[in-house]
Amino acid sequence: MMAKEALIHANHYQRQGFDYTQSGVILGITGMGQNLRSPSFRLEEYKWRKVLKGSNIDERTIENIVAEMKSRHLGWQKKTFPGGLPNFVTARIAHHFGLGGCSLAVDAACASSLGALKMAMSMLAENRCNMVLTGGIDLSNSPTTFLCFSKTPAFSPQNMIRPFDASADGTLIGEGIGMLVLKRLDDAKAA
């Protein structure tokens, strides 16, 4: 949806006469692993059964507990694997919108979207693409993420981000998706 909105806003959604074979997708993507974690937990069923059987719980109760545990985790779906790998995300966007140029994901932690933006600008400057859908996706704020950042410790005690400031004391995290379409200035003016 976000990719479509960016293309519409840039007047490049299904635009007639535009060469999409030289258009690419470069996104900064972090935190996609949780899409694979939940279905993977369901594979732990044999461990749950072993623990429950070792606790002298009757078979019917074990079945009920295992069913309840499985219901707490997402089941495997057709989109689970592609949604869990950043390069699959960019490839699916490129395929869906017929963008035949580059398709890649950048993971530079907190700087992923800036890394993607820099790469997109380079692709345009080097005439490797005539248009690039770029931006960032971070969907990683799971309990595990908070635990990791808390135990490091990396969070700002003042809940304030001060990049490049001498008084910087940590980070904050958030989730979001943002995308924009980049073109060389002359091409953008001509559009």
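**Notes on the predicted model**

1. Start with the loop between α8 (143-151) and β4, where Pro153 lies. A cis peptide bond joins Thr152 to Pro153, with omega at about -20°. Most peptide bonds are trans.

2. This is a predicted model. Mean pLDDT for the protein is 88, and 95% of the residues reach 70 or more. Where pLDDT is low, the predicted coordinates should not be read in detail.

3. Which residues of helix α1 (residues 2-9) are buried? They are Ala3, Ala6 and Leu7. These residues lie on the same side of α1, because they cover an arc of only 95° around the axis. The buried residues of α1 pack against α6 (86-97), β3 (131-138) and β4 (176-182).

4. Most residues other than glycine have a negative phi.

5. Asn127 also deserves a look. It sits in the loop between α7 and β3. Asn127 has a positive phi of about 60°, although it is not a glycine. Is Asn127 buried or exposed? Asn127 is exposed, because its relative accessible area is 55%, and the cut-off for exposed is over 50%.

6. The second largest pocket holds about 400 Å³ of space. It is lined by 18 residues; closest to its centre are Ala109, Cys110, Asp138, Thr171 and Leu172. By class, the lining has 10 nonpolar, 7 polar and 1 charged residues.

Definitions and conventions. Residues numbered from 1 in each chain as written. Predicted model: local features only at pLDDT ≥ 70, side-chain atom pairs only at ≥ 80, totals over all residues. Heavy atoms only, no water. pLDDT = per-residue confidence, 0-100. 1 Å grid on protein atoms, 1.4 Å probe; cavity = no way out; pocket = protein on both sides within 12 Å on 5 of 7 lines; lining within 4 Å. Points joined across faces, edges and corners; volume = space filled by probe spheres on them. Nonpolar A, V, L, I, M, F, W, Y, C, P; charged D, E, K, R; others polar. Buried < 20%, exposed > 50% of the residue type's maximum accessible area, 1.4 Å probe, protein only. Helix = DSSP H or I, 4+ residues; strand = E, 2+ residues; numbered from the N terminus. Arc of directions from axis to C-beta. Contact = heavy atoms within 4.5 Å.
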